Amino acid sequence: MGNSASIAGSKDTHLTIEEVRNLPEVGNKFNERVFDVYKDGNGKISKKRALELGRIKYDAFISHDRGVDELNRNTNDRVISLGRGLRDHEINSKLDDNTSLTNSDRNEMIDLSQIFIVCVTKSYELKLSKHDNSDHIVKDFFYAEKKRTPKFMIPIILEPRMKDPKTWSGPLKLALSNHSVIDFTRDEVLYTAIEQLVDTIYRTIVPMREWNLATPMMRGSAVLSPAPGGGFFTPSPAHNLPQQMLTSQSSPALPPIRDHNQIIVERLTKELDIKHKELDMMREELNGKTKELQTAQTEIMNNKREIEELKNKVMMLSNNNGGGVINHSPLDHHLVGRNSSSNMSRKSGILSSKESLLGNGNTVTEKRVYEGRCVYTLTDHSHYIYSITVGKNGDIFSGSRDKTIRQWREGDQSMESIQTFIGHSNWVTALVALDDNDLLISGGLDKTIKFWSIATGQCNKTLTNHTAEVCCIILWQPNIIISGGCDKELRLWDIAQGTQTKSILGAEGDIWCFAKISESILAAGEYDDGNDIRIYDVDQGVVLQVLHGHEDWVRGLALGLKGELISVSKDCHMKIWELEDKNINNSYKLSKTITHPLCEWGLLSILVLKDGSYITASNDYLIRQWDEENNYTAPIKVFTGHTNTVRCMALTNEEDIVSAGDDKTVRYWI
C-alpha cells in the first residue's frame with residue numbers, strides 16, 4: 001500500500017487538517033479520522049484526496065428495474081429489502097426509486113456515490129440492449145459506466161435465469177460479465193447475499209470510507225488492507241502505514257464494530273415477528289372465509305326459494321292462458337338460458353328484465369333479475385384491463401395495461417375483437433365512445449388524451465396538456481369532455497376543436513373518478529390527502545363542498561335515481577350521500593355506509609340500474625347487485641367467474657353488464 005502520499009498518486013499541494021477544512025468544497029463534511037488515516041509523515045494530506053473524500057455522500061447507488069420477475073416476485077420490494085440490509089451493516093445506499101428526478105439530479109447522485117450496484121434481471125438486460133435513452137435505467141447505467149467505470153460497478157443477480165454471466169448479452173455483458181456476481185435469486189439467501197455485497201463494497205471502496213474502516217477488514221487483531229493489485233494483504237511496520245490502521249479492534253480511535261451474527265439475529269427476530277403477524281392474519285382470513293361460506297349457503301337457499309316462487313308464478317300464468325304460452329316443463333331452460341360454452345346469440349330465448357312473462361308484450365315494472373351467468377369471456381388482452389365502455393351500437397371498448405384498446409362486436413354465434421387501437425405508451429385508464437361521431441376518446445398514464453377514428457382505428461389527435469397521469473374522462477356535454485388525473489386539475493375540452501377550454505383547481509389528491517350530478521354540478525373522487533369527494537360547480541369553476549368519510553382511495557362514483565350520490569372505495573365501504581335540501585347542491589350528507597365482506601383491497605367500480613339497484617365490483621373477484629328493499633344488508637345477486645380483481649364495469653343498452661380486470665378478460669353477464 002505504501003505511504004498515503006503514494007496512494008493518492010499525486011504531486012499536488014499537501015494540506016494540514018485546518019487547511020482542508022477551509023476548502024469551500026469540503027468544509028465540515030471532512031472527518032478527522034479520515035485525515036488521520038491518510039496523512040503522511042508530515043501530518044498532511046494531498047489536496048486531490050481531500051477533495052475526493054469531501055465530495056462523497058453515498059456508499060452505493062442501487063439501480064434496478066421495476067415490475068415482477070420470472071417467479072412473479074415484485075422486484076422493487078426485493079431491492080428495498082436489500083437496501084435495508086445494507087443500512088443495517090452501516091452502508092449508506094441510494095435507491096433509484098424517484099422517477100421524477102431530472103437527468104442532472106440522477107447524475108449528481110451517481111457522482112456522489114462510490115459504488116454503482118446493478119440489480120440484474122432479464123428486463124434490465126433487455127432495456128440496456130435496446131439503448132432506449134428515454135428510460136432512466138439506461139441513462140443511469142451508461143453514465144455510471146462512463147463516470148464510475150465498471151471497476152466500481154457491482155452486479156447482484158435477482159433472477160435464476162440470469163445466474164450465468166456467460167449468457168448475458170449487450171451492454172450488460174460487455175461491462176460486467178467478467179465480474180464476480182452475488183446471488184440473490186432466492187429470498188432465503190438474502191442475508192448471505194447482503195454479507196457478500198457488504199464485503200465486496202468494502203473491498204472496493206475502503207480505504208475511502210470515513211466510518212468503521214476496520215469492520216470488514218479485521219481478522220483477529222490485525223487490519224487487512226487492499227493490496228495495490230487487488231485482494232488483501234496484512235500490513236506490517238515495513239509498509240510504513242499510519243499507526244491508526246495497525247490498532248486492534250478495541251482501539252478508541254475507531255468506532256465500535258457491530259458483530260455480523262448479532263445483526264443477523266436481530267433481522268431473524270424481526271422476520272419471526274412478521275411471520276407471527278402473518279399467521280394471525282391467516283387465522284382472521286380463515287374466520288372470514290367461514291363467514292363467507294355461511295353467507296354463500298344462505299344465498300343458495302334464497303336462490304332456491306326464488307326459483308320455487310318463479311315456478312309457481314309461471315304455473316299460475318300458464319293456467320291463466322290455457323297452458324299455451326309458457327309451460328312448466330321447459331322452465332329450467334328459460335331460466336338458465338343457452339349453454340354458455342356454445343356462445344349462441346345473447347338474445348335467443350332469454351327473458352329480458354323488461355319483458356313480460358305473459359309473452360303478450362306488456363312491460364313489467366319489477367326490478368331487473370339477472371341470471372348471474374357469463375355468456376362471453378373475451379381473452380385477447382395480454383395484461384390487466386383498467387377501463388371499459390359501450391357504444392350506442394353495442395360495441396364494447398376495453399383499455400389495458402398492455403397499452404392497447406380493443407373493440408369487441410357481437411355476431412350471430414359469438415363476440416369477437418374486431419379492431420385494436422395502438423398508440424398509447426402506457427396503461428389506458430379511461431374511455432369514452434361517441435360512435436355517432438366516429439370518435440373514441442381515451443386517456444392513459446402516458447399523460448395524454450387521444451382521439452381515435454372508430455372506423456379506421458387511427459389516432460387523429462393527441463392532447464398533452466396534462467402534466468401527470470390521466471385517470472378519468474367523462475362526457476359532460478355533447479361537445480365537451482372533462483378529464484382528471486394525478487396533476488390534481490379538472491380540464492374541460494372542446495371535442496370538435498380538440499382544445500382545452502378551462503382548467504379548474506381545488507383538488508388536493510389525484511382525481512380518479514367522476515359522476516355527473518346536474519348540467520353544472522360534478523362530483524370527483526380522490527386518492528391521497530384525505531381520500532375525499534369534491535362537489536364542483538363547473539360553470540363557476542369552484543368547489544362547492546368536500547365530503548369526508550372514506551379512509552382510502554375513492555375508486556368509483558355514481559348518481560342514484562333519487563339524486564343520491566353513491567361512492568365506493570378501497571376501504572371496502574360503499575357510502576350513500578343524500579342532499580339535505582334538494583335545491584342546494586352543496587348540502588350532501590352521509591346517509592348510509594355499507595361494508596362489503598372480504599374485500600381486502602376494496603371496491604373498484606359502481607353502476608346504477610334504471611330500477612335503482614346498484615352494481616359493485618371488487619378485489620375479491622366478485623360482482624354484486626344491491627337493492628334498497630333489504631336495506632342493502634346483503635347482495636341480491638352475486639356474479640362469479642372472474643379469477644382476479646374486477647376493476648371496471650359498464651352497462652349495455654339492454655342493461656346487461658360488461659366487466660373486466662386483472663384476469664385480463666372482458667366478461668359479458670346476463
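**Exercise 1.** Determine whether Phe141 is buried or exposed, and identify the ring with which it pairs.

*Solution.* Phe141 has a relative accessible area of 0% and is therefore buried (buried means under 20% relative accessible area, exposed over 50%, partly exposed in between, with a 1.4 Å probe and protein chains only). The model is predicted: local features need pLDDT of at least 70, side-chain atom pairs count only at pLDDT 80 or more, and totals for chains, interfaces and linings use all residues. Residues are numbered from 1 along each chain as its sequence is written, and side-chain values use heavy atoms, with hydrogens and water left out.

Phe141 pairs edge-to-face with Tyr124, at 6.3 Å centre to centre and 70 degrees between the planes. Tyr124 is likewise buried, at 0% relative accessible area. Finally, ring pairs join Tyr124, Phe141 and Phe142 in a cluster.

**Exercise 2.** Classify the pair formed by the rings of Tyr614 and Tyr632.

*Solution.* The ring centres of Tyr614 and Tyr632 are 5.3 Å apart and the planes lie at 5 degrees, so the pair is stacked. Tyr614 is buried, with a relative accessible area of 1%; Tyr632 is buried, with 7%.

**Exercise 3.** Which residue lies over the face of Trp476?

*Solution.* Lys516 does, at 4.9 Å from the ring centre (the criterion is NZ of Lys or CZ of Arg within 6 Å of the ring centre and within 35 degrees of the ring normal). Arg555 lies over the face of Trp512, at 5.1 Å from the ring centre.

Terms used
Phe/Tyr/Trp six-rings, centres within 6.5 Å; stacked < 30°, edge-to-face > 60°.
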